[in-house]
Amino acid sequence: MKRPAHDDIRVAMDTEAIEHSIMDNLNCIQGRVPRTATRNDWYMAVAYTVRDRILHKWMQTIEAYMENKEKSVSYLSAEFLIGPQLGSNLINLGMYDAVKCAVSRLGQNLDELLEQEEEPGLGNGGLGRLAACFLDSLASLKILGVGYGIRYEFGIFDQEIRDGWQVETTDKWLRFGNPWEVPRPEINFTVNFGGHTEHVVDNDGRFRVRWIPHSAVRGVACDIAVPGYNVNVVNLLRLWKAEAAESFDFRAFNAGDYYGAVEDKVSSENITKVLYPNDETSSGKQLRLQQQYFFASCSLQDLIRVHLSRGNALKDFHTCNAIQLNDTHPSIAVAEMMRLLVDVHGMDWDSAWNVTRNTFSYTNHTLLPEALEKWPLPLFARLLPRHLEIIFEINRRFLDEVRTKFPDDDGRAARLSFIDESGEKFVRMANLACVGSHAINGVAALHTELLQRDVLRDFYELSPEKFLNITNGVTPRRWLVLSNPKLAQLITSRIGEEWIRNAEENLEKLEAFVQDRDFRNEWQAIKHENKKRLAAIIKQRTGITVDPGSLFDIQAKRLHEYKRQHLNALHVITQYNRIRKNPNENVVPRTVILSGKAAPGYFMAKLIIKLLNAAAEVINNDKDVAGRLKVVFLPDFNVKNAHAMYPAADLSEQISTAGKEASGTGNMKFSMNGALTIGTLDGANIEIRDAVGAENFFLFGLTADEVAALRTNGYDPRKYVEADAELREAIALISDGYFSKGDRSLFKPLVDSLLSNDEYMLTADYRPYLECQGKVNALYRDREQWTTMSILNVARIGMFSSDRSIREYAEKIWNVKPMTITASPVI
C-alpha cells in the first residue's frame, strides 16, 4: 500500500489517507494485523481515525476560544443519551462516503462496523436525548458550549424480557473501551461530603464559614468531542468519573484488612456506577443526592478554573458564562456556586448572588409534582451541611422579598419557601432553581402555560418576566440523515442539502413535490424498505414474524402510566375481540409495536409490560386473527433501536393524558420520518398539529382543561366502563385471566387501578381513542391520501429541529452569538 504524498494522514479527508490512517490505528493502537483483527478491532481503528480529525478541529476551536474570549454555554444535565457516535460523526464531518470506501478497500463493511458500536449508557429517556440533540445543534450553529454530566460506568440497565416480565441486566457498555473518550486525569477536583461547619472571623474582621467535611471523593474529567455539521466548531461533553481521594490503604492491607484497604475506593466509585439508582431506600436517596452534587461541584469548579485561566475577574463570571440547568437534577449548583464564590474565593454575599442569578437559567421538564425533586431535610443536613446553611440564607432573604410584595399571605410564603414544612421537612430543589436563575422556561407552549398557571404559579406571579417558552426540538442529522438515509437522499435530490443545516426554512420546499408521481413512488418504496428492515430486527430479537405490508403502529417511549401504554393495550384487546366475533370481516392488517423501559422500582409500569407481552402471546398464536393483528414488544429501547423504529412507523402513538407530558420529542422524530400521529392535545402534540395541519393529525381525547374539570367535579371511571360494552369486555378478558393462563390475581392491581381511580383517565378517553383508530384504518386503505399526509408531515416539521430551539436559547436567555473559526490547512 503506497503511503499518501502528504505527511499527516491523521487529518486528511481523502479516501487514501483515511485508509492508511485506519491501518495505522489497527496496528499501533489495537496492536493487530488484518488477519488477526476482530470486528471490534476494525471498529476501534475506524473510530480512532475519525476521532483524529475531530480533535484536529477541536484544537482550532479551543485556540479561538482562548484568544477571542467569547461567551460560552454550559449545559448541566444528569443525562446525555448521545447514542452511537461513529455514524453521527461521519455525517457531521462530511466523510461518510470516503470512510465507507476506505473501509471497503480494506475488506470490511461499514454497516457491520456501525452495528458493532456499543450504545453509550449515559442516559435513559427524552431528557438525555434532548441534551444530546442540543449539543449537536450548539456545535452546528457555531456556539461555544460544553455539556457537563456524569460518566456512568454501567448506565441504567439493559432490558430483557423473560416470561413477559422486564428483567434488568447490567449495561456493560464500556467492556470493550470507548474510543471517543479522552481521559483527563490532570483535570480533577475534590468533592466533599458530610461533617460540620465552623463559623469564624478572619484576620480582616470578616465573617467566614469553614466546612470541615467527613469524607471526600475526587472527580476526574473524561471528554467526548462533539463536532458540528459541516463547520469547524467542535464542542465538548465533559463527564465526571468518581474516584477515591486515596484509593488504597496500604496500612490496612498490611494488617490483613483487605476489604478495608479498598473500602474508600469502592464507596467513592459507587457515585458514578449507575444512572438513576433506585431511590426507594434511604441509601438510594443518598446516592442520588451525592451524584447530583458531585457532578455540579466538579462542573462549577472546572468552569471557574477555565474562567480565571483566561485572565477574567470572577466578578465578571456571568458575562462570560451561561449555565443552563436541564431540569432539577443539577439545581444544587445554585448553592454550590454561592459556596465557591463566598467561602472559597472570598466574594461578598451580594456580589456572589448577583453573579449566580445572572449565570443560571432553568429548564423545567415536568408537570408531575412528584418529579419536582425534594430531599429529606435530615439527609440534606447530614450530607451537605454547608449547603443547607446557604439555602437557609437564600431562602430567608427571598421570603423577605415575598412578604414585602405579598404582605399577610403566609400561605404563599409557605408554598414559595425552599423548605416544605407541611409534614416531614424537605428541601425543594425546583424552588431553589427558580430563585437562583434569571430565566425559567418550559419546553412546549402548553407546558409553559401550565407551569405559569399551576405548577409554578406562585413564582410566575412573583416574577413573570423570568418565564418564557422554548419548544423542544430534535437534530435532523441523526434522526433523518443517519437513521433514514434513503429518505434523506430523496429529499436532498429535490430541494438540495441546505435543509440539513436549516430545516425550518427549507423542508417546506417539499410541498412542491407532494403530487409528483415519481417522488411519491420513491417515498412509498423507501417506507416499505424501512419496514422490512424493522421486521427483520423483530424476527431476530423476538422470533415474531410480522408483515411489512401491514400498518406499523408504534409506541416507543419510557413506560409510565401517564404515557398510557395500557390504553394502547385496551385498543389491541378490543380489536382482537372484534376479529374473534367477526372472523370474516375485512380489517386493515396492523402490527402494533411497543418498546420502552420501566424504572426498576415502578411496579405498575412493569406490570403493564407484562400485560403487553401476555396479550401478544395469546393474540399472535390465535389462528383466527392470523395476518390481521400482531403485537410486538421490542426490548431494550435505546438510540440504536430507535434508528430502525422511527423510519418504519406508519402511525405514531402520542396518547398521554392531556396536561401530563411536558413536550415529548419522540413525536417529532416520528413525524420527521413521515409517520402520522394519533394523539391528544398534550405537550408538543399541539404545536405539531398546528404545524402539519389538523387534517394531517389524528386527534382524540380530553383537553388539559377538561381533564382538570372532570377531576374537580368528581371523576368516576366505572361510569364509563358500565356505559361501554367493548370496554367492559376488554377489561373482563384481563381480569378473568384470559391473558394470564387463568391467574385472576396477576393483573388485578392494574384492573383495580382503572376501576377505582383511573388517575390518567383511560376509561374516559377509551371510546374517542377507538373511534379515532377507526379513522386511521379507513384512511390507511387510501394509500395515496396517506402518502400525501406523510409527505406533508415531513415538509412541515422543520420548526421542530433542535437548531431552532438553540437559536431561541441563544437569543432569549444566554445572549451568545456564533463564533467564526477558520480552518487551518492540513500540515
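**View 1. Helix H25 (residues 639-648) lies across strands E17 (551-556) and E18 of the predicted model, and runs at about 135° to E17.** Helices (H or I, at least four residues) and strands (E, at least two) are DSSP runs numbered from the N terminus, and axes are lines fitted to C-alpha atoms, for helices over the stretch in contact, with angles from 0 to 180 degrees between N-to-C directions. In this predicted model, local features need pLDDT of at least 70 and side-chain atom pairs count only at pLDDT 80 or more, while totals for chains, interfaces and linings use all residues. Residues are numbered from 1 along each chain as its sequence is written, and side-chain values use heavy atoms, with hydrogens and water left out.

**View 2. The open sheet has six strands in the order E19-E18-E17-E20-E21-E22, with parallel pairing.** Two strands pair if DSSP finds at least two bridges between them. Strand E19 (629-633) and strand E22 (698-699) stand at the edges with a single partner strand each, so one side of each has no neighbour in the sheet.

**View 3. Strand E18 (residues 590-595) runs parallel to E19 and is joined to E19 by five bridges.** Within this pair, Leu594 stands opposite Phe633 of E19.

**View 4. Helix H22 (residues 517-542) and H25 have axes that come within 8 Å and cross at roughly 135°.** The two helices are therefore oblique to each other, a term for angles that are not under 35 degrees (roughly parallel), over 145 (roughly antiparallel) or 65 to 115 (roughly perpendicular). Residues in contact, with heavy atoms within 4.5 Å, include Leu534 and Ile537 of H22 and Met645 and Tyr646 of H25.
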